[in-house]
Amino acid sequence: MATKASGQLQIESHIEAMAHPLRHKCWIVLHGREASPKEIADELNADTALVSHHVKRLVKLNCAELVREEKVRGTIRHVYKATRRVLVDVDDWNRLIEENPPFASHLLCTFMQSQLDDFRQSVQAGVLGSDDRWNITRVPAVVDDAGLDEALGLVDRFEAQLIEIVRRSAKRRDGADGEAIPISACLSIFKSASR
């Protein structure tokens, strides 16, 4: 069982991993599949050296690890994968609420802001709405306690299935010149302040 001190270090490294938007996106890619910094940079349309820096930082934070090194045309290709989920687990969250409630609130807003930023950037770039391949759904509802638990379980199943879709897609694209289509998925279920 983790001690409070080691648990605090774990959540601090987790939060630092998410603190920089590009580092967070790199971690998300590595959560879905194994990849090199070059592959991540291509997928995120980012600078390879900057991505490499953030991936190495994820390794130092124990959020990612080097899986293998491969010789490719006279250079070494480093392939990484995530070692921890890109989520704050329940124990870490409860500890954070207890020890630093204002920061917990700030972190919640940061999580949602990243989704809003993805939305805004997609609209501004003329991507979202340019065809019929998108979905935005809002379902305000009233449930009982068991219904809330069922709904939260639905989010867990959605995430697990999406991770599998990402893995299968990466496998199909591996070695092929198939288009890498960045997506953003946000399925939130929470108790609201009003009915």
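The following questions and answers set values computed from a predicted model against the definitions behind each term.

Residues are numbered from 1 along each chain as its sequence is written. In this predicted model, local features need pLDDT of at least 70 and side-chain atom pairs count only at pLDDT 80 or more, while totals for chains, interfaces and linings use all residues; side-chain values use heavy atoms, with hydrogens and water left out.

Q: Why is Trp134 called partly exposed?
A: Buried means under 20% relative accessible area, exposed means over 50%, and partly exposed lies in between (1.4 Å probe, protein chains only). Trp134 has 46% relative accessibility, so the residue counts as partly exposed. Trp134 lies in the loop between helix 6 (101–124) and helix 7 (145–173); helices are DSSP runs of H or I with at least four residues, strands are runs of E with at least two, and both are numbered from the N terminus.

Q: What makes the nonpolar surface patch?
A: Phe119, Val123, Trp134 and Ile136 make a patch of about 410 Å². Patch residues have over 30% relative accessible area and no salt bridge; nonpolar side chains (Val, Leu, Ile, Met, Phe, Trp, Tyr) are joined within 5 Å, and like charges within 9 Å. Accessible areas come from the Shrake-Rupley method with a 1.4 Å probe, and for residues only the protein chains shown count as cover.

Q: Which residues touch the most other members of the largest nonpolar core?
A: A nonpolar core is a set of buried Ala, Val, Leu, Ile, Met, Phe, Trp, Tyr and Cys residues joined through side-chain atoms within 4.5 Å. Of the 18 residues in the largest core, Cys26, Trp27, Leu30, Ile40, Val51, Val55 and Leu58 touch the most other members. Helix 1 (4–19), helix 2 (21–32), helix 3 (37–44), helix 4 (48–60) and strand 2 (75–82) each supply at least two residues of this core. Helix 2 gives the largest share, five residues. A second, separate core of six residues includes Ile15, Trp93, Leu96 and Leu107.

Q: What does Leu58 touch?
A: Contact means heavy atoms within 4.5 Å. Leaving out residues up to four places away in sequence, Leu58 touches Ala17, Arg23, Cys26, Trp27, Leu30, Cys63 and Ala64.

Q: Why are the buried residues of helix 3 said to line one face of the helix?
A: The buried residues of helix 3 are Pro37, Ile40 and Ala41. Seen down the helix axis, these residues fall within an arc of 100°, so they line one face of helix 3. The arc is that of the directions from the helix axis to the C-beta atoms. In general, an α-helix has 3.6 residues a turn, so residues three or four places apart point the same way. Among the elements covering the buried residues of helix 3 are helix 2, helix 4 and strand 2.

Q: What makes Glu16 and Arg57 a salt bridge?
A: A salt bridge is a side-chain nitrogen of Lys or Arg within 4 Å of a carboxyl oxygen of Asp or Glu. The closest N and O atoms of Glu16 and Arg57 are 2.5 Å apart, so the pair meets the definition. Glu16 in helix 1 and Arg57 in helix 4 are 41 residues apart, and the pair links distant parts of the chain. Glu16, at 31% relative accessibility, counts as partly exposed; Arg57, with a relative accessible area of 26%, is partly exposed.

Q: Why is the pair Glu65 and Lys81 said to tie together parts of the chain?
A: The closest N and O atoms of this salt bridge are 3.7 Å apart. Glu65 lies in strand 1 (residues 64–72) and Lys81 in strand 2, so the pair ties together parts that are 16 residues apart in sequence.

Q: Which residues do salt bridges with shared partners join into one network?
A: Glu70 and Arg68 meet in a salt bridge (2.6 Å, N to O). Salt bridges that share partners join Glu34, Glu39, Arg68, Glu70 and Arg77 into one network. The whole structure has 10 salt bridges.

Q: Why is Asn62 called exposed?
A: Asn62 has 54% relative accessibility, so the residue counts as exposed. Asn62 is in the loop between helix 4 and strand 1 and has a positive phi of about 60° although it is not a glycine.

Q: Why is Arg73 called exposed?
A: Because its relative accessibility is 81%, Arg73 counts as exposed. Arg73 lies in the loop between strand 1 and strand 2, and its phi is near 45°, a positive value in a residue other than glycine.
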